[in-house]
Amino acid sequence: MAKSKVLVVGGTGYLGKRLVKASLAEGHETYILHRAEIGVDIEKVQMLLSFKEQGAHLVSGSFTDHQSLVKAIKLVDVVICTISGVHIRSHQILLQLKLIDAIKEAGNVKRFLPSEFGTDPARMEDALEPGRVTFDDKMIVRKAIEDAQIPFTYISANCFAGYFLGGLCQPGKILPSRDSVVLLGDGNKKAIYVDEDDIAMYAIKTIDDPRTLNKTVYLRPPKNILSQREVVETWEKLIGKELQKSSIPKEQFLASLKGLEYAEQVGLIHYYHVCYEGCLTNFEIGNDAVEASELYPEIQYTMVEEYMKRYL
Ligand code: NDP
């Protein structure tokens, strides 16, 4: 079977650039939407040019020009969107409704992967304000996809390793201390950490796989399901030293949100659900969904200890 042609929308982003690389590495003809709006952002332009050198095609388009999106989509079989969705950086999840309109009109798309790549929003109906906005917006996008009967795959990637392992699961930190750590509650709730390059590779594997059609694919690499305490122990082993530990109880954590900027509150609520409630691991994935490390055992995923060696 010929490999699908892929369009990445958001190919200059933190995750998007990894999807472009994985798509090229897997031998897909790869297109990247190049938006005029990036203007004189020299870093982005240089990145796009380096992808072009590696064989990707740059195709111009804009979210403000519907026909340009339709034209770009008509070149490919699969669209992967990695538009921003982290409030402290940028959150543009609902812009995908425009992309969905264009996919509908183009009529040729065999698979659409919307910008998800985190907690499964369908399981976050009871999430707290204001953090729930991320899940609510992603559910609005899902509804539009399903109403339009666009074939989809939703990737539930759990925790990006860079944010969570880098900061020893502490919000607002992305480099591990060699001295101290604040545990969220008892630090015993399990979460799931995935190397961002592995997320991209798993996602690319799904696009031509009939087993993942119209399904949620959970990324649960079994050795990377650890509590905050276990992450800290892994780091302590690497540095050969015990960290000083304190703990912040749930009530105090929630009270500390008051008066903070909206974007910070959104992020903190996500940590709350992951680290105090264990929202990534407190359910079985069920028969309707599939798990990536089982589907693709050939991928040697990066284990937590290996990932953390980069911070030594
Ligand atoms: P980025 O913030 O890196 O942004 C990705 C891309 O979004 C940009 O490169 C840009 O694409 C595009 N974009 C931004 N603003 C606009 C705009 N106004 N109009 C059109 N395009 C725009 O995104 P991330 O990689 O951080 O996030 C991708 C996904 O991953 C999101 O769904 C997010 O929620 C999720 N995520 C999950 C995490 C986890 O731990 N599970 C952590 C972080 C993110 P370009 O300029 O190329 O067109």
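Student: Which residue in S13 is the bridge partner of Ala191?

Tutor: This is a predicted model, where local features need pLDDT of at least 70, side-chain atom pairs count only at pLDDT 80 or more, and totals for chains, interfaces and linings use all residues. Residues are numbered from 1 along each chain as its sequence is written, and side-chain values use heavy atoms, with hydrogens and water left out. Strand S11 (residues 190-194) and S13 run antiparallel and are joined by three bridges. Across from Ala191, the bridge partner in S13 is Leu226.

Student: Which residue in S4 does Leu7 stand opposite?

Tutor: Strands of a sheet pair through backbone hydrogen bonds, either parallel or antiparallel. S1 and strand S4 (residues 78-81) run parallel, joined by four bridges. In S4, Leu7 faces Val79.

Student: What is the bridge partner of Leu7 in S2?

Tutor: S1 also pairs with strand S2 (residues 30-34), in the parallel sense and over three bridges. There the partner of Leu7 is Tyr31.

Student: Are the residues of S1 buried or exposed?

Tutor: Buried means under 20% relative accessible area, exposed over 50%, and partly exposed in between (1.4 Å probe, protein chains only). Strand S1 (residues 6-9) points Val6 and Val8 one way, and Leu7 and Val9 the other way. On both sides, these residues are buried.

Student: How many aromatic pairs does a search of the whole structure find?

Tutor: Rings of Phe, Tyr and Trp (its six-membered ring) pair if their centres lie within 6.5 Å; planes under 30 degrees apart count as stacked, over 60 as edge-to-face and the rest as tilted. By that rule, the number of aromatic pairs is nine.

Student: What is the angle between the planes of Phe152 and Tyr154?

Tutor: Phe152 is buried at 10% relative accessibility, and Tyr154 is buried at 2%. Their rings are stacked at 4.1 Å centre to centre, and the angle between the planes is 15°.

Student: What is the centre-to-centre distance between Phe160 and Tyr163?

Tutor: Phe160 is buried, with a relative accessible area of 14%, whereas Tyr163 is partly exposed at 22%. Ring pairs link these two and Tyr14 into a cluster. The Phe160 and Tyr163 pair is tilted, with 40° between the planes and a centre-to-centre distance of 6.4 Å.

Student: Which residue has its charged end over the ring of Tyr307?

Tutor: A charge sits over a ring if NZ of Lys or CZ of Arg is within 6 Å of the ring centre and within 35 degrees of the ring normal. One case is Arg220, over the face of Phe283 at 4.7 Å from the ring centre. Over Tyr307, at 3.6 Å from its centre, sits the charged end of Arg310.

Student: How far is a polar backbone atom of Tyr14 from an oxygen atom of the ligand?

Tutor: The ligand is surrounded by 30 residues (a heavy atom within 4 Å). An oxygen atom of the ligand lies 2.9 Å from a polar backbone atom of Leu15. For Tyr14, the distance is 2.8 Å.

How values were computed. Helix = DSSP H or I, 4+ residues; strand = E, 2+ residues; numbered from the N terminus. Pairing = 2+ DSSP bridges. Polar contact = N/O pair within 3.5 Å; in protein donor to acceptor, adjacent residues only side chain to side chain.
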